[in-house]
Amino acid sequence: MALQDVSQDVGQPKVALFNDPKVRGWVYQVVLLVVIVYLVVVGVQNMFANLAAQNIASGFGFIGRNAGFAISQSLLEYNQAESSYGKVYIVGLLNTISIAFIGILLATVLGFLIGIARLSHNFIVRGVATVYVEIFRNIPLLLHIFIWYFGVLRLLPHPRNSGDLGWLGLLNNRGWFAPKPLPQELFFITAIAFIVGIVVTIFISRWSRQRQAKTGQQFPVFWTGMGLILGLPVLVFLVTGLPLEFDYPVAGGFRPSGGMTVIPEFIAMLLALSTYTAAFIAEIVRAGIMAVNKGQTEASHALGLRHGPTLRLVIIPQAMRVIIPPLTSQYLNLTKNSSLAVAIAYPDLVSVFAGTALNQTGQAVEILGMTMLTYLGLSLLTAAFMNWYNAKMALVER
Amino acid sequence: MKKRILSAIVGTAVLGFAAGTASAATLDDVKSKDSLQCGVSQGLPGFSNPDQDGNWSGLDVDFCRAVAAAIFGDASKVKFTPLSAKERFTALQSGDVDILSRNTTWTMSRDTALGLNFSVVNYYDGQGFMVRKDLGVNSALELSGASICTNTGTTTELNVADYFRANNMEYELVAFEKADEVVAAYDAGRCDVYTTDQSGLYAQRLKLTDPAAHVVLPEIISKEPLGPVVRQGDDQWLNIIKWTHFAMLNAEELGVTQANVDEMKNSDNPSIKRLLGTEGEFGGAIGLSNDWAYNVIKEIGNYGESFDRNVGPDTPLAISRGVNAQWNDGGLQYGPPIR
Ligand SMILES: N[C@@H](CCC(=O)N[C@@H](CS)C(=O)NCC(=O)O)C(=O)O
């Protein structure tokens with residue numbers, strides 16, 4: 001008996017629409033969505049009804065109203081006499097972003113250095129790195145913040161005898177009073193030279209990679225790049241007659257005047273956030289490097305690559321794949337942790353908007369809602385960027 | 001911080017789904033809990049301050065005890081919730097506390113837009129400035145360019161802004177959430193000036209390393225009428241709060257003290273008789289027993305006694321009665337008659 005082909009007989013099974021798993025799946029999804037939307041709508045309606053019943057003001061009208069309080073650090077022009085609560089939101093947001101952004105940069109550099117030091121063959125270097133990680137990781141962040149803040153305050157002198165940093169300005173317990181750069185008319189040419197330097201360097205590095213792939217010839221991209229990106233602008237700067245002046249702070253009065261100020265709250269917050277997060281990043285980096293099989297190093301050495309290129313071309317690219325996902329969550333943590341700034345009067349979003357503005361207007365629902373959405377947005381943006389980077393670094397199967 | 005945001009979210013969610021939180025009778029609530037939940041500061045000597053054993057004392061604490069005495073005849077039936085300036089109104093709105101008795105300034109927006117009612121003024125205050133003596137400053141008008149430490153979520157921030165703007169002066173405001181950090185930062189030299197209610201300055205000065213090295217400047221830049229706050233929509237509760245304070249004022253005016261209150265029960269003075277409940281039915285009108293005011297005086301004393309015990313000249317704060325004296329003594333404290 002020959003084998004029979006039964007496949008035609010089977011065909012499409014005739015099942016009731018109700019039993020079709022695909023249709024069912026959709027129905028469940030839609031029902032769930034309707035239920036969620038209903039709950040949210042009823043909840044929000046009920047909330048506003050209750051607020052009204054309790055005579056608590058609601059709505060977003062407050063955004064345009066004059067805030068009337070001062071903020072100690074603002075990247076934009078902020079004037080307590082005229083600026084609105086909307087402006088307070090923006091000033092707070094920029095302060096949060098600036099502490100988070102600089103904090104992430106510092107934490108990354110420090111974390112990578114310590115993570116690599118943890119794997120050093122040198123006993124002392126390794127020991128110091130280990131002690132660092134254990135100390136910083138195991139003390140609550142709020143304590144770090146207080147230690148840095150009151151430590152910084154006590155170390156720095158009173159404005160009457162400010163520390164003189166020469167051309168770097170003045171330092172005292174009201175902050176670092178740095179000279180403020182005042183670009184003159186021709187300064188834009190230097191800026192253009194800088195940009196040109198970067199663009200040309202990118203092209204050169206592309207070209208040299210292609211050439212190396214074809215011919216094996218190497219090109220000193222690093223030094224050429226440095227020359228273009230740093231040397232060219234400096235040259236232009238000199239030729240155009242040093243078109244940059246500085247407004248130096250002058251001591252006197254309650255605190256120095258002129259220049260620009262970096263407040264001690266910013267310094268303390270930055271140090272606390274970056275040293276604390278660096279401890280976690282160090283562990284992630286160590287784990288990432290250790291995850292690369294030793295055979296890779298040996299193979300690379302066997303191919304004749306020296307230690308440096310091995311690290312740069314073989315180990316790090318593979319380690320990065322392990323490092324990036326947990327690194328992303330550290331970045332998100334750092335951003336969210338920056339909200340502890342309120343404890344030491346750094347005027348971040350939580351402090352000035354979800355704090356003072358909330359108290360002044362009493363509109364907790366609106367203000368906390370906006371603040372939560374803002375943090376969510378910041379986190380999603382960071383995650384999106386890191387995911388893009390991760391995809392770029394991912395293993396390309398050939 | 002995290003905890004607070006969480007509780008705000010939960011509060012919002014509850015607000016969202018609890019069908020119409022009927023403005024239930026707070027008095028019934030308090031009676032069924034068998035204690036009064038009282039929101040106080042996190043530690044302000046003379047007003048609300050815990051000792052090492054966690055026993056609270058102060059003018060604002062006395063007031064809550066007096067309310068408990070009026071309701072239960074027992075001043076100890078109070079539980080205290082320490083609140084920062086920033087947390088206080090949310091705590092009252094959400095029902096975490098039955099009354100907020102925490103050096104809180106009566107302003108129009110707080111009285112109208114927050115769903116809250118101010119009841120009485122148990123301390124007339126005004127905002128002042130404190131500086132180091134060695135700064136050599138004698139008047140607030142010499143403070144242009146100064147760094148100023150204060151609490152967030154207070155009237156203070158706005159008053160400073162107004163004052164400096166009106167006088168064309170510059171300043172840097174450093175605003176902390178907790179009063180203890182304000183004190184620490186000022187003590188560490190972060191600021192030239194500490195500003196808050198003048199009573200608060202006298203109180204916080206006691207916490208500095210060397211209190212004698214600091215002076216409170218003479219200027220008063222604002223009106224800060226401080227008093228207990230309740231939720232809107234419960235008139236009976238508001239009445240209990242108001243009349244507890246008025247009973248303490250009337251007692252002082254009539255010379256009824258903690259020591260002589262039992263004797264005074266036999267007084268022929270009709271005002272005293274009505275106050276102590278030997279004549280008339282005044283307690284019933286606010287849902288309390290007829291000896292409500294007797295219990296307040298018996299357990300806490302009159303307003304003057306509470307003032308002297310907590311902030312008066314013989315305490316470390318050494319504040320004189322000033323505008324807080326009785327109306328017939330040149331002050332602003334005036335108890336409407338019980339009749
Ligand atoms: N009366 C002002 C200020 C009240 C205030 O919070 N003052 C501070 C400084 S005296 C305070 O009570 N701190 C004690 C604490 O936060 O526990 C207001 O109602 O806004």
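The following exercises, each with a worked solution, concern a predicted model.

**Exercise 1. Describe the contact between chain B and chain A by its residues and its buried area.**

Solution. 
Step 1. State the area. The size of an interface is often given as the accessible area lost when the parts come together. Here chain B and chain A bury about 4100 Å² between them, and 55% of this lies on carbon and sulfur atoms.
Step 2. Count the polar links. Three salt bridges are found between chain B and chain A. Across the same interface there are 10 residue pairs in polar contact, both residues being at pLDDT 80 or more.
Step 3. Identify the elements on the side of chain B that touches chain A. Those giving two or more residues are α1 (2-17), α4 (88-93), β9 (146-151), α6 (155-166), β10 (171-176) and α7 (179-187) of chain B. The most comes from α1(B), with seven residues.
Step 4. Sort that side of chain B by class: it has 26 nonpolar, 15 polar and 11 charged residues.

**Exercise 2. Locate the salt bridge of Arg255(A) and Glu172(B), and classify each partner as buried, partly exposed or exposed.**

Solution. 
Step 1. Give the distance. The side chains of Arg255(A) and Glu172(B) meet at 3.8 Å, N to O; the cut-off for a salt bridge is 4 Å.
Step 2. A search of the whole structure finds 17 salt bridges over all chains. In this pair, Arg255(A) lies in the loop between β5 (244-247) and β6 (260-262) of chain A, and Glu172(B) lies in strand β10 of chain B, so the pair joins two chains.
Step 3. Classify the partners. Arg255(A) has 23% relative accessibility and is therefore partly exposed. Glu172(B), with a relative accessible area of 4%, is buried.

**Exercise 3. Examine two salt bridges that each lie within one chain, Glu298(A) with Lys294(A) and Arg321(B) with Glu252(B).**

Solution. 
Step 1. Take the pair in chain A. The side chains of Glu298(A) and Lys294(A) meet at 3.5 Å, N to O.
Step 2. Explain their spacing. Glu298(A) and Lys294(A) are separated by about one helical turn because they are four residues apart in helix α9 (residues 294-302) of chain A.
Step 3. Classify these residues. Glu298(A) is partly exposed at 46% relative accessibility, and Lys294(A) is exposed, with a relative accessible area of 58%.
Step 4. Take the pair in chain B. The closest N and O atoms of Arg321(B) and Glu252(B) are 2.9 Å apart. This pair links distant parts of the chain, 69 residues apart: Arg321(B) is in the segment after α14 of chain B, and Glu252(B) is in helix α9 (residues 235-254) of chain B. Arg321(B) is buried, at 18% relative accessibility.

**Exercise 4. State where Ser83(A), Asn168(B) and Ala318(B) lie and how accessible each is.**

Solution. 
Step 1. Ser83(A) sits in the loop between α2 (21-53) and α3 (85-117) of chain A. Its relative accessibility is 8%, so Ser83(A) counts as buried. Leaving aside residues up to four places away in sequence, Ser83(A) touches Arg65(A), Asn66(A), Ala67(A), Gly68(A) and Tyr78(A).
Step 2. Asn168(B) is in the loop between α6 and β10 of chain B. Its phi is near 55°, a positive value in a residue other than glycine. At 73% relative accessibility, Asn168(B) is exposed.
Step 3. Ala318(B) is in the segment after α14 (303-310) of chain B. Its phi is near 50°, a positive value in a residue other than glycine. At 47% relative accessibility, Ala318(B) is partly exposed.

Technical notes: Residues are numbered from 1 along each chain as its sequence is written. Chains are lettered from A and ligands numbered from 1 in the order in which they are written. This is a predicted model: local features need pLDDT of at least 70, side-chain atom pairs count only at pLDDT 80 or more; totals for chains, interfaces and linings use all residues. Side-chain values use heavy atoms; hydrogens and water are left out. Contact means heavy atoms within 4.5 Å. Buried area is the accessible area (1.4 Å probe) that two parts lose on being put together, summed over both. A polar contact is a pair of N or O atoms within 3.5 Å; within protein, one must be able to donate a hydrogen and the other to accept it, and residues adjacent in sequence count only if both atoms are side-chain atoms. Ala, Val, Leu, Ile, Met, Phe, Trp, Tyr, Cys and Pro count as nonpolar, Asp, Glu, Lys and Arg as charged, and the others, Gly among them, as polar. Buried means under 20% relative accessible area, exposed over 50%, partly exposed in between (1.4 Å probe, protein chains only).
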